[in-house]
Amino acid sequence: MEVAKHELKTAIKETQELLDGKEISRIMRINELEALKQKIDEVKRLKGISLDEAKYYLDEARKGLKEVEHYPIYNKDDKELIIIQIHERMEDVNKAKSLILKQKPN
């Protein structure tokens, strides 16, 4: 009778250890899958991001800067034209920044 009780206790203990080990493994696997899901969601989000418009505005600002740098200034009108061009190119830069920052993850 004592031997049977001991065998039952041992079997229960071994089974509980197996269950505990499997439970820990299950929880770890769930955590791994959750982390993977977050990575997949991030990849999908990044694939959906298009920075083409921001690149366009930045390229326009660069072109405008080159024009302004090489534009000869002969009179007040030329100077005003340059200032207007600089302001317009700054608007392009600000648009590009705004579009880039909108894509920034929270």
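**A first look around**

Guide: Let's begin with Leu46, which counts as partly exposed because its relative accessibility is 45%. Buried means under 20% relative accessible area, exposed means over 50%, and partly exposed is in between, using a 1.4 Å probe and protein chains only. Before we go on: this is a predicted model, where local features need pLDDT of at least 70 and side-chain atom pairs count only at pLDDT 80 or more, while totals for chains, interfaces and linings use all residues. Residues are numbered from 1 along each chain as its sequence is written, and side-chain values use heavy atoms, with hydrogens and water left out.

Visitor: Okay, and where does Leu46 sit?

Guide: Leu46 belongs to helix α1. Helices here are DSSP runs of H or I with at least four residues, strands are E runs of at least two, and both are numbered from the N terminus. Helix α1 covers residues 2-48.

Visitor: How far is Leu46 from Gly64?

Guide: Their C-alpha atoms are separated by 30 Å, and along the chain Leu46 and Gly64 are 18 residues apart.

Visitor: Zooming out, how many helices and strands are there?

Guide: The chain has 3 helices and 0 strands. Going along the sequence, you get the pattern α-α-α.

Visitor: And what kind of box do the C-alpha atoms fill?

Guide: Roughly 115 × 20 × 15 Å, taken along the principal axes. The radius of gyration of the chain is 33 Å, whereas a compact globule of 106 residues would come in near 13 Å. That radius is taken over C-alpha atoms, and the globule rule is 2.2 Å times the number of residues to the power 0.38.

Visitor: How much of the chain is buried, then?

Guide: Buried residues account for 10% of the 106 residues. The chain exposes about 9,500 Å², with carbon and sulfur atoms supplying 59% of that area. Those areas come from the Shrake-Rupley method with a 1.4 Å probe.

Visitor: What share of the contacts joins residues at least 24 apart?

Guide: 68%, counted among contacts between residues at least 6 apart in sequence. A contact here means heavy atoms within 4.5 Å.

Visitor: Switching topic: which residues make the nonpolar surface patch?

Guide: Leu33, Leu36 and Ile40, and their patch is about 250 Å². Patch residues have over 30% relative accessible area and no salt bridge; nonpolar side chains (Val, Leu, Ile, Met, Phe, Trp, Tyr) are joined within 5 Å, and like charges within 9 Å. Leu36 is in helix α1, and it counts as partly exposed because its relative accessibility is 44%.

Visitor: You mentioned salt bridges. How many are there?

Guide: The count comes to 6 salt bridges. To qualify, a side-chain nitrogen of Lys or Arg has to lie within 4 Å of a carboxyl oxygen of Asp or Glu. One of them joins Arg29 and Glu32, with the closest N and O atoms 3.3 Å apart. Arg29 and Glu32 are 3 residues apart in helix α1, so about one helical turn separates them. Arg29 is partly exposed at 46%, and Glu32 is partly exposed at 44%.

Visitor: Which residues are linked in a network of salt bridges?

Guide: That would be Glu88, Arg89 and Asp92. Glu88 and Arg89 meet at 3.8 Å, N to O, and Asp92 and Arg89 have their closest N and O atoms 2.9 Å apart. Asp92 and Arg89 both lie in helix α3, 3 residues apart, or about one turn of the helix.

Visitor: Is Arg89 buried or exposed?

Guide: Arg89 counts as buried, because its relative accessibility is 19%. Asp92 is buried too, at 7%, while Glu88 is partly exposed at 33%.

Visitor: And what does Arg89 touch?

Guide: Leaving out residues up to four places away in sequence, Arg89 touches Glu60, Ala61, Gly64 and Leu65. Helix α3, where Arg89 sits, spans residues 76-102.

Visitor: Last one: how many aromatic pairs are there?

Guide: The count is 1 aromatic pair. The partners are Tyr56 and Tyr57, with ring centres 5.4 Å apart and planes at 65°, so the pair is edge-to-face. Rings of Phe, Tyr and Trp (its six-membered ring) pair if their centres lie within 6.5 Å; planes under 30 degrees apart count as stacked, over 60 as edge-to-face, and the rest as tilted. Tyr56 is partly exposed at 47%, whereas Tyr57 counts as buried at 17%.
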